[in-house]
Amino acid sequence: MKNVILMVDDNAEMRSVFSDLLAPTKLKVLTFPSVKEAQIYLINPESRQKVLAIVSDLMMGPTDGLEFLSYVKKNPDLAHIDFFLFTGADVSVFRPFITPFKLKGIIEKPFNRKALVQMLTDLLPASDVINKSAA
C-alpha cells in the first residue's frame, strides 16, 4: 500500500509532533533529520514505491528543502511523489525558486493540526481512509 509520508526536518521535536499527529491514521510516517538520509531511503525502488508524499522543512542544512524539492522533481523515479514544503518563513521570498517545480503545497508554521492531518489523509485512495475512532 502506498501510504508512507517522509518527514524531513532537522528539528527533532517537530519530527516527533508530526509522527504523533499522524499515528492514528493509516499513514505511516518515516522521519529523517537530513535530506541526505531521506535520499538514501529513496534510492531503494521498493522503499520509494510506498512513498505517498514528502514533507520537507524549507530551511535546514546542509541541504535545504528547495534543493530537495529540485532533486525529487528532476528525478524521473521520484517526480510523481507529492511534495510539501514546511516553513515558518515568508514564502513569497522563495516563490521564484519554487514555481519551476510541481509542489503539492506549503505548510506554514504555526499550522492547524487538524487541517494538516486532513490534508495528508486526503492523499490516500478512497479505500484507505483515516481510522475515525482514533482521531
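Tutor: Gladly, and we begin with a definition: buried means under 20% relative accessible area, exposed means over 50%, and partly exposed lies in between (1.4 Å probe, protein chains only). This is a predicted model, where local features need pLDDT of at least 70 and side-chain atom pairs count only at pLDDT 80 or more, while totals for chains, interfaces and linings use all residues. Residues are numbered from 1 along each chain as its sequence is written, and side-chain values use heavy atoms, with hydrogens and water left out.

Student: Let us take strand S1 (residues 4-8). Which way do its side chains point?

Tutor: In a regular strand the side chains alternate between the two faces of the sheet. Here Val4, Leu6 and Val8 point one way from S1, and Ile5 and Met7 point the other way. Strands (E, at least two residues) and helices (H or I, at least four) are DSSP runs, numbered from the N terminus.

Student: Why is S1 described as largely enclosed by the rest of the structure?

Tutor: Because five of the five residues of S1 are buried.

Student: How do I read the pairing of S1 with strand S2?

Tutor: Strands of a sheet pair through backbone hydrogen bonds, either parallel or antiparallel. The criterion for a pair is that DSSP finds at least two bridges between the strands. S1 and S2 (residues 28-32) run parallel and are joined by five bridges. Leu6 stands opposite Leu30 in S2, and Met7 has Thr31 as its bridge partner there. Five bridges also join S1 to strand S3 (residues 51-57), again in parallel, with Val4 opposite Val51.

Student: What is the order of the strands in the sheet?

Tutor: It is an open sheet of five strands, ordered S2-S1-S3-S4-S5 with parallel pairing. S2 and S5 (105-108) are the edge strands, each pairing on one side only.

Student: And what do S1, helix H1 and S2 make together?

Tutor: A crossover is right-handed if, with the strands pointing away from the viewer, the path from the first strand over the helix to the second runs clockwise. S1, H1 (residues 12-22) and S2 make a right-handed β-α-β unit.

Student: Now the charged residues, please. How many salt bridges does a search of the whole structure find?

Tutor: Side chains of opposite charge can pair when their charged atoms come close. A salt bridge here is a side-chain nitrogen of Lys or Arg within 4 Å of a carboxyl oxygen of Asp or Glu. The search finds three.

Student: Which residues are linked in a network?

Tutor: Asp9, Asp57 and Lys109 are. The closest N and O atoms of Lys109 and Asp9 are 4.0 Å apart; Lys109 is in the loop between S5 and helix H6 (113-121) and Asp9 in the loop between S1 and H1, 100 residues apart. Lys109 also meets Asp57 in a salt bridge (3.5 Å, N to O). Asp57 is in S3, so this pair ties together parts that are 52 residues apart in sequence. Lys109 is partly exposed at 29% relative accessible area, whereas Asp9 is buried at 0% and Asp57 is buried at 5%.
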